[in-house]
Amino acid sequence: MTNNINSRLRKEKIAKVIMQIAGFCIIGSLFLIVGIILYKGVPYLSWDMITETPKGGFYIGKSGGILNAILGSLYLASAATLLAIIIGIPISIYLNLYIKSDSIISRSAKLMFDVLYGIPSIVYGAIAFSIMIWLGIRASLLGGILTITLLTIPIVVRTVDELIKTIPEDLKNVTKSLGATRWESSLILLKYIKTGLFTAMLLAFGRAIGDVAGVLLTTGFSDNIPKYLDEPAATLPLAIFFQLSSPIPEVQGRAYASALILTCIILIIVICTHILTSKNNKQKI
Amino acid sequence: MYSYPNIEKQQTENITSPLSTPHLQIKNLNVYIDEKHILKNINLEIPNNSITSIIGPSGCGKTTLLKTLNRLLDDSKNIQITGSVLVNGEDIYAKNAEVTHIRKKMGLLSQRPFPLPMSIFDNIAYGPRIHGEHNKKILNQIVENQLKNVGLWEEVKDRLHHYASQLSIGQQQRLCLARGLAVNPEIILGDESTSALDPISTQTIENLLVDLKKDYTIILVTHILRQARRVSDYIAFIYNGEILEFGKTEEVLLHPRNEITQQYVKGFIS
């Protein structure tokens, strides 16, 4: 009996240690990444970096900033996230609340979204690029937005799918028994999972703003801030990539400063989402 | 103090006879889930303006039967339903039956209260709103009347726009009852509606249901024999998916004809 308890306690300790090591590894890597970005980027961070567009010769160390890439990334990620939410949520509602979730259509669609979720973004970029050539469209903000939307729709669909599974069956029955149509019922259920929808939005935005391969072929790159959807646009990940490829230390330093700006943008979005989430959690039923 | 009314004194004489045009009739109802025969050839006529309790051991098909009455099983996995359920003579399982209209006729009170994620006022007003009532004065009146109906008005009248989740569980269950009544149902279905409540809230809900039977036909699923005894006029005993006995409460509980019913009533089966 004592041996049995000792063995169980030993397993408990081992499991706890494994979890702690895993946790420290992740937190450690995060601190390492942020530390390197801060260490290498802060000396090159300046007001001009975030308020000016690149002047001639910016990529060989001359003056200017990356405002074009900051705004390009924000435009692209915001529009793609918005479109992915607008398209993804109805898909998920249809697959879970309109047709039986165990039907062949629903199961096949979910499998397809799982596959799409795993396809590398360069594949999306390459396919979108081929279509754009075929249609005679040049690399532009619109091309990038559409490509990244396709990339983020599976994230939204699968996240909302998981959220809908958490809705108690009795709550679904409540709206039905009041004589609500499926659509009216769905609106109430979306309200119930509102907090989770913010998380879905955050995941989609994070993927959209951080993607390089998808925008490489479809969005192009420009030193100007895009005024129209058919103009090429710079994005932060590409700006980091181009600066980091430079042999000039000044430009490489700016790449880290750009990475710091990108991290700060994501951090702000995460904090805002958490504030909204906790505010909604307090009201949640 | 919690009081247990004597079943011998229950007034059932004036209740409509099961034979006089029942509100709800179930005919040859069979339900299969995953090819398992859950409900077997159910035939039942629910008397109007009375409380009928469906009792039986766990897993016997009580809740399944209740859910077939307002077609809540339609979206369930691998389900097959045969037979008919007639509400005012209209088969709700007919091919052209309009399901949202059918469900509106039957208010559901589930095991646990599930307020909608909105304010107390909006919870009650939700039903009337989706059915086309947008006049603020009328909505105010409906909310007040229904909250008074369930004895909640005095407790919440100063915080109608607070979140419904801030109410106690007992208050939430009364709110859910009021919400169901706000769409003018004809039948109230209760699925072990007091199982999550404390004795005082249970008594409040039971008293409300007894009061409401003058206007509604009420069907309750319960596994608590004492509750069935306290509130019901009729009892249907289900065992293994079959209705073994149906009759007036005192007949079923005091003089059960079926041997299994006798064993259940005596507590040998649970």
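Trainee: What makes A:Glu250 and A:Arg254 a salt bridge?

Mentor: This is a predicted model, and in it the closest N and O atoms of A:Glu250 and A:Arg254 are 3.5 Å apart. The rule asks for a Lys or Arg side-chain nitrogen within 4 Å of an Asp or Glu carboxyl oxygen, so the pair qualifies.

Trainee: Where do A:Glu250 and A:Arg254 lie?

Mentor: Both sit in helix α12 (residues 249-283) of chain A, four residues apart, which is about one turn of the helix.

Trainee: Which residues of chain A are linked in a network of salt bridges?

Mentor: A:Lys110, A:Asp114, A:Arg158 and A:Asp161 are. Over all chains, a search of the whole structure finds 18 salt bridges.

Trainee: How many salt bridges does the rule find across the interface of chain B and chain A?

Mentor: Two. In one of them, the side chains of A:Lys176 and B:Asp75 come to 3.3 Å, N to O.

Trainee: Why does the pair of A:Lys176 and B:Asp75 join two chains?

Mentor: Because A:Lys176 lies in helix α7 (residues 169-177) of chain A, while B:Asp75 lies in the loop between α1 (62-69) and β4 (79-87) of chain B.

Trainee: What makes A:Lys176 buried or exposed?

Mentor: A:Lys176 has 12% relative accessibility, so it counts as buried, the cut-off being under 20%. B:Asp75, at 29%, counts as partly exposed.

Trainee: What does B:Asp75 form with A:Arg182?

Mentor: A salt bridge, with the closest N and O atoms 3.3 Å apart; that is within the 4 Å limit, so the name holds here too. A:Arg182 belongs to helix α8 (residues 182-192) of chain A, and at 36% relative accessibility it counts as partly exposed.

Trainee: How many residues does the contact take from each chain?

Mentor: Chain B gives 28 residues and chain A gives 24. B:Asp75 turns up again here: together with B:Phe114 and B:Pro117, it supplies 25% of the area that chain B buries against chain A, more than any other three residues.

Trainee: What is the area buried between chain B and chain A?

Mentor: About 2,500 Å², with carbon and sulfur atoms giving 63% of it.

Trainee: And chain A itself, how many helices and strands are there?

Mentor: Chain A has 12 helices and zero strands. Buried residues make up 42% of its 285 residues.

Terms used. Residues numbered from 1 in each chain as written. Chains lettered and ligands numbered in written order. Predicted model: local features only at pLDDT ≥ 70, side-chain atom pairs only at ≥ 80, totals over all residues. Heavy atoms only, no water. Contact = heavy atoms within 4.5 Å. Buried area = accessible area lost by both parts, 1.4 Å probe. Buried < 20%, exposed > 50% of the residue type's maximum accessible area, 1.4 Å probe, protein only.
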